[in-house]
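Please read the points below with the structure open beside them. They take up a few places in the chain one by one.

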Amino acid sequence: MNSSRFSSSKQQCGGSEKKPIEIYMFIDPICPECWALEPILKKLQIEYGRYFSIKHILSGRLADLNLSKKKNFENIAQVWEKTASRSGMSCDGSLWLENPVDSPYTVSIALKAAELQGRRAGLRFLRRIQEGLFLEKRNISNLEVLKDCAKSLGLDVDEFMIDIHSDSAAKAFQCDLKITSEMDVQEIPTLVFFNENVEDEGIKITGSYPYEVYVQILEEMLSEKPVLTPPPPLETFMKFFKFVASKEIAVVYNMSISQIEREMKKLLLKQVVEQIPAKYGTFWRYIEE
C-alpha cells in the first residue's frame, strides 16, 4: 500500500466542524478514479461519519493537461472506460471524442465559486458536475453547463456567476494548490488523515484501496475503538443522496448488485425511485414528493 507518515503544519483555508479526525481528500473533478471512490466514501461516512470530517482539496493535477492533442483525448477515453468497467462507477469515455472538456481550470474555479455559498453547496455541486461529466457527457467547463448545474441545485445562480470571475474563487483555488504542494501530493485521489493532536503525524494514502484499509486507519488514529453505525433503510438513503449508482448502494449495504437491483425494483414499483440506465450499470433517482 502506498502510504506514508509525515509531519505537516495543516494549512487551513477555512474552518470545518470539529471531529476527532480530519481527512484532506485531494481530488480533481474530472478524475475518474475520484469518481470511482464514491461508493467507499459513502460507506465510510454512513458507518463512521461521526468520527471524521472531510475537506476536499483541488489538486490541479489535471488542470495543466495538454488537452489540445487528439491522441491525448483517445488515451483519456481509454482510461475512463477501464476505470468504469473495473470500478462499477459508470463513466463514458466517448465524451473525449465527441464533446471534450476544454478547460479543467474553469471547472476547478467553478467548484470554488459554489463553495462560497457554503460547504454543503460545494459538495452537492461537485457531485452534480461529476454526474454531468461522467454520465451525461456534458462539457462541464462550458459556462452555460456550469450555470445549469448550479440552477438545478437551487444555488444563487447570479452570485455563482459573479463568483466564478472573482478573486475569491481564484484565491481559494490557489490555496488548494499550495496545500497540494506542501503535502507533496503527486497523485489523485490522495487522502491524508489527521487526528486532533497537532504533534502527531498525518497518514497519507495515495490511490484507491479496499474499504477495510480506511477503517483500519481510522481505528489506528482514534484513541477509542470506533462504533459502527448501520446504514439507514434504503428509502431513507435514497431520499438523502437523491441520485446513486447500484454500485454505491451495493457497497454501503454489503450486498451484490443483483440483490440491490431486486430491492430497488420494489421501490420502483412504489414509485419512490426511477431507474436511469448508464453505459456501465444502473443509477437510481429519488422521486421528490
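**Notes on a predicted model**

1. At 15% relative accessibility, Asn195 counts as buried, because the cut-off for that label is under 20%. The residue is found in strand β4, which covers residues 190-195. Keep in mind that the model is predicted. Leaving aside neighbours within four places in sequence, the contacts of Asn195 are Pro20, Ile21, Asp200 and Met221.

2. What kind of peptide bond joins Ile188 and Pro189? The bond is cis, with omega at about -5 degrees. Pro189 is found in the loop between α9 (167-182) and β4, and β4 is also the strand that holds Asn195.

3. Phi of Lys137 is near 55 degrees, a positive value in a residue that is not glycine. Lys137 lies in the loop between α6 (119-134) and α7. With a relative accessibility of 24%, Lys137 counts as partly exposed. Lys242 also has a positive phi without being a glycine, here near 75 degrees. Its loop runs between α11 (234-241) and β6 (243-245). The relative accessible area of Lys242 is 36%, so this residue is partly exposed.

4. Gly132 belongs to helix α6. Is this glycine buried or exposed? Its relative accessible area is 0%, so Gly132 is buried. Not counting residues up to four places away in sequence, Gly132 touches Lys137, Arg138 and Ile140. Lys137 is the residue with the positive phi near 55 degrees. Gly132 and Leu146 are separated by 14 residues in sequence, and their C-alpha atoms are 9.4 Å apart in space.

5. Helix α7 takes in residues 143-152 and helix α8 residues 157-164; their axes come within 9 Å and cross at roughly 140 degrees. The two helices are therefore oblique to each other. The crossing of α7 and α8 is right-handed. On the α7 side the contact is made by Leu143, Leu146, Lys147, Ala150 and Lys151, and on the α8 side by Val157, Phe160, Met161 and Ile164. By class, the residues of this contact are 7 nonpolar, 2 charged and no polar.

6. Setting aside residues up to four places away in sequence, Phe160 touches Ala110, Ala113, Ala114, Gln117, Phe125, Leu146, Lys147 and Ala150. Of these, Leu146, Lys147 and Ala150 are on the α7 side of the contact between α7 and α8.

7. Which residues of the largest nonpolar core touch the most other members? They are Phe26, Trp96, Phe125, Phe160, Phe193 and Tyr214, out of 78 residues in that core. Helix α10 (residues 211-221) supplies the largest share of the core, with 7 residues. There is also a second, separate core of 16 residues, with Ala250, Tyr253, Met264 and Trp284 among them. As background, nonpolar side chains in soluble globular proteins tend to be buried together.

8. The axes of α11 and α12 (residues 246-253) come within 12 Å and cross at roughly 130 degrees. The two helices are therefore oblique to each other, and the crossing is right-handed. The contact of α11 with α12 has 6 nonpolar residues, no polar ones and no charged ones.

9. The last point concerns Phe237, which lies in helix α11. With a relative accessible area of 1%, Phe237 is buried. Leaving out residues up to four places away in sequence, Phe237 touches Lys42, Ile46, Pro232, Val244, Ile249, Val252 and Tyr253. Phe237 and Glu248 are 11 residues apart in sequence, and 11 Å separate them in space, C-alpha to C-alpha.

Notes:
Residues numbered from 1 in each chain as written. Predicted model: local features only at pLDDT ≥ 70, side-chain atom pairs only at ≥ 80, totals over all residues. Heavy atoms only, no water. Axes fitted to C-alpha atoms, helices over the stretch in contact; angles between N-to-C directions. Helix = DSSP H or I, 4+ residues; strand = E, 2+ residues; numbered from the N terminus. Parallel < 35°, antiparallel > 145°, perpendicular 65-115°, else oblique. Left-handed = near helix turned anticlockwise from the far one by under 90°. Contact = heavy atoms within 4.5 Å. Nonpolar A, V, L, I, M, F, W, Y, C, P; charged D, E, K, R; others polar. Core = buried A, V, L, I, M, F, W, Y, C linked by side-chain atoms within 4.5 Å. Buried < 20%, exposed > 50% of the residue type's maximum accessible area, 1.4 Å probe, protein only.
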